[in-house]
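Colleague: Could we go through this structure together? I would like to begin with one of the helices.

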Amino acid sequence: MQPDLFDNSSAVQPQILPLPDADVTYYPGWLSADEASRIKQQLEGELEWHQDTIKIYGKLVKIPRLQAWHGDPDAQYSYSGLSMTPAPWTNTLRDLRRQLTAHCQASFNSVLANWYRNGQDSMGMHADDEPELGSEPVIASLTLGHARPFVFMHKRSKRKSKVMLEHGSLLVMKGTTQQCYQHGIAKTARKIDDRINLTYRYIYASEQPNNA
Ligand SMILES: O=C(O)CCC(=O)C(=O)O
Ligand SMILES: [Fe+2]
């Protein structure tokens, strides 16, 4: 059993997660349930959802969720040697960016959206530690829809802990969190509804190679 970081069933106060070598705060009910449901519905129709294919051991497989990438035109990142340009901001995403910028006192120039259609959709353990994000990125993660456990694993000790990310909640990761931890969303056999997650990030302009 992984220890629950805390029981947030009745919490409304921000919770600083007791994770050594990390800086993570959980804000339950950052959006009201009604507001979160309204925003989720808008995003379902507004974003440029697609299902990427990746190569694993030479085999092409579809990643187990839908994704959309929106942001400023210069917030490009490279992926498998390709430079990816984000789709433009939508009104809903821009409005949330304004609120998150004020709340986190940080800049965000892009957002990665993930749509987990059911319990079989997931995200493998990873750290958001690409060089384009800088060494201590502020990542603001908003959950809309069915709550899913978010698992942290300390890279060195391998110790795992989890926090339930509820409808309308905000999780802010900063400092050395990405350096010291991986995180992910596991599959579940339970019949559950869908969930959209938004992670607002700041992408630093990457150096263009001279021969580009
Ligand atoms: O769905 C989530 O809560 C996690 C998303 C995530 O880790 C990412 O987009 O990098
Ligand atoms: Fe992540």
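Colleague: Which exposed residues does H2 carry on the face turned away from its buried side?
Modeller: That face of H2 carries the exposed residues Asn91, Arg94, Arg98 and Ala102. Exposed means that 12 or fewer other C-beta atoms, placed from the backbone, lie within 10 Å of the residue's own; buried means 20 or more, and partly exposed is in between. This is a predicted model, in which local features need pLDDT of at least 70 and side-chain atom pairs count only at pLDDT 80 or more, while totals for chains, interfaces and linings use all residues. Residues are numbered from 1 along each chain as its sequence is written, and chains are lettered from A and ligands numbered from 1 in the order in which they are written.

Colleague: And which residues of H2 are buried?
Modeller: Leu93, Leu96, Arg97 and Leu100 are buried in H2. They line one face of the helix, because they fall within an arc of 110° seen down its axis; the arc is that of the directions from the helix axis to the C-beta atoms. Helices here are DSSP runs of H or I with at least four residues, and strands are runs of E with at least two, numbered from the N terminus.

Colleague: What covers those residues?
Modeller: The cover includes strand E5 (66-71), E8, E10 and E15. Contact here means C-beta atoms, placed from the backbone, within 7 Å.

Colleague: Turning to H1, which residues are buried there?
Modeller: In H1, Ala36, Ile39, Lys40 and Leu43 are buried. They cover an arc of only 105° around the axis, which puts them on the same side of H1. On the other side of H1, Asp34 and Gly45 are exposed. Helix H2 (91-104) and strand E8 (110-116) are among the elements covering the buried residues of H1.

Colleague: New topic: which elements give two or more residues to the shell around ligand 1?
Modeller: The shell includes Leu112, Asn114, Phe150, His183, Ile185, Asn197 and Thr199, where a residue counts if its C-beta atom, placed from the backbone, lies within 6 Å of the ligand. The elements giving two or more residues are E8, strand E14 (181-185) and E15.

Colleague: Is Phe150 buried or exposed?
Modeller: Phe150 counts as buried because it has 23 C-beta neighbours inside 10 Å. Phe150 lies in strand E11 (residues 148-154). Leaving aside neighbours within four places in sequence, the contacts of Phe150 are Lys162, Val163, Leu165, Leu171, His183 and Ile185.

Terms used. Contact = placed C-beta atoms within 7 Å.
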